[in-house]
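Subject: Structure for your records, with notes

Dear colleague,

I am handing over the structure that we spoke about, and my notes on it come after it. Please read them with the coordinates open.

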Amino acid sequence: MLRAAVDDLANTAAFLRSESESVTRWRYGHAMTSDTHERTTLTTLSPSRASDFKQCPQMYKFKSIDRIPTEPTIHQARGTAAHLALERLFEQPRAQRTPEALYRLFRDAWAELKKTEYPDLFDSVEDERAWGIESLGLLAGYFSIEDPTSFEPEALEMDLTVAIDDMTIRGILDRMERITTTAPDGTESELLVITDYKTGKAPPERYASQAFFALKIYALLIRTTQGITPDRVRLLYLNGPTEYTLDITDSQLDAMHQQLTALWQAINKAIRTDTWPTSQSVLCDWCDFKDTVCPAFNTAAEIAVNRAAIDAAAAAKIARPTSDSVSGT
Ligand code: SF4
């Protein structure tokens, strides 16, 4: 059945290739964040941008203040399409939440996203097909970590914008559900669980606790808005597949509240003083700015040349005619 799904994806890819030649569109700042800033103060903070600042203030500035556009990657495209497909899988009646349905939903999601978000991602139909085959393989792995027919989500892609003290925290929670567990003595209890999907590789177990940063923020937002402390958070890495879980306590969420407050104040101070130190680590190898505009790895002259090239490429993509502009709509 996976083979048939792959063949269907290849047909979809070929179709989309011919269509994309007449419908090309690029949104400047593809990687722009949902965080909004005035020049002197922070107005909204998302878990991913809070994580950026924690990792490296300079990287945060590149993404959230300067909003330097970055090229979309095949990994981002896979993550976006897989999230959309999994969301739609849970909108189906339980009996229809099958692997074949998920493959079809992924193909449909990709067809939509390609037109609007990733029109130029692949150089050839063959590259796109190889990416699709790998993506469907990851989705096949999903069914070995959970049975989607065994529960009904309470929330899907839940948009949370929450005021906490003088902060506004915004994020989109993948999924929340109630599950029933049975203790060794036979006692049943219901747990409120927040689940996050990942299409990248799982970190080694010794680093897994750091991966829960965003999920603890979501748990805090749920506690703040609903007055209930979630019992557990889960990370489902489809690539593996691997599942990490963490039981949540109020003291953990109190600590996250304090950490967010400290980050909020630190970002505001950085904005006020325009001070953005670099923080080098092994994670620099995955940073979009390492080889172009990061002052820790490039001279001022190199940065000026690279920044001009980035701006020129982005401007060229904006200026490219689209079928919409041609038709005057
Ligand atoms: S390459 Fe490293 S030091 Fe430079 S901006 Fe990125 S994370 Fe920061």
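The notes below go from the chain as a whole to the sheet, the helices and the ligand.

Please keep in mind throughout that this is a predicted model. The chain holds ten helices and five strands, and of its 329 residues 26% count as buried. Among the contacts in the chain with a separation of 6 or more, 68% are accounted for by residues 24 or more positions apart.

The sheet

The five strands form an open sheet, in which the order is S1-S2-S3-S4-S5 and the pairing is mixed. Its edges are S1 and strand S5 (242-247), each of which pairs on one side only, and from one strand to the next the twist averages 35°.

Strand S1 (residues 155-164) and strand S2 (residues 167-182) run antiparallel and are joined by nine bridges, with Val 162 standing opposite Ile 169 in S2. These two strands form a hairpin that has two residues between them, and Asp 165, in the turn, has a positive phi of about 55°. Strand S3 (residues 188-201) and strand S4 (residues 232-239), by contrast, pair in the parallel sense over seven bridges, and there Asp 196 stands opposite Leu 235 in S4. Across S3 and S4 lies helix H6 (residues 125-142), which runs at about 140° to S4.

Helix packing

I looked at two helix pairs in detail. In one of them, helix H2 (residues 47-55) and helix H3 (residues 57-65) pack at an angle of about 140°, and their axes are 5 Å apart. That angle makes H2 oblique to H3. The residues that meet are Arg 49, Asp 52, Phe 53 and Gln 55 on the H2 side and Pro 57, Met 59, Tyr 60, Lys 63 and Ser 64 on the H3 side; by class, this contact has four nonpolar, two polar and three charged residues.

Within H2, the buried residues are Pro 47, Arg 49, Ala 50, Asp 52 and Phe 53, and what covers the buried residues of H2 includes H3, S2, H7 and H8.

The ligand

Which residues come nearest to the ligand? Of the 13 residues around the ligand, they are Cys 56, Thr 278, Cys 284, Cys 287 and Cys 294. Taken by class, the shell around the ligand has eight nonpolar, four polar and one charged residues.

Notes
Residues numbered from 1 in each chain as written. Predicted model: local features only at pLDDT ≥ 70, side-chain atom pairs only at ≥ 80, totals over all residues. Axes fitted to C-alpha atoms, helices over the stretch in contact; angles between N-to-C directions. Helix = DSSP H or I, 4+ residues; strand = E, 2+ residues; numbered from the N terminus. Parallel < 35°, antiparallel > 145°, perpendicular 65-115°, else oblique. Contact = placed C-beta atoms within 7 Å. Nonpolar A, V, L, I, M, F, W, Y, C, P; charged D, E, K, R; others polar. Near = placed C-beta within 6 Å. Pairing = 2+ DSSP bridges. Buried ≥ 20, exposed ≤ 12 C-beta atoms within 10 Å, placed from the backbone.
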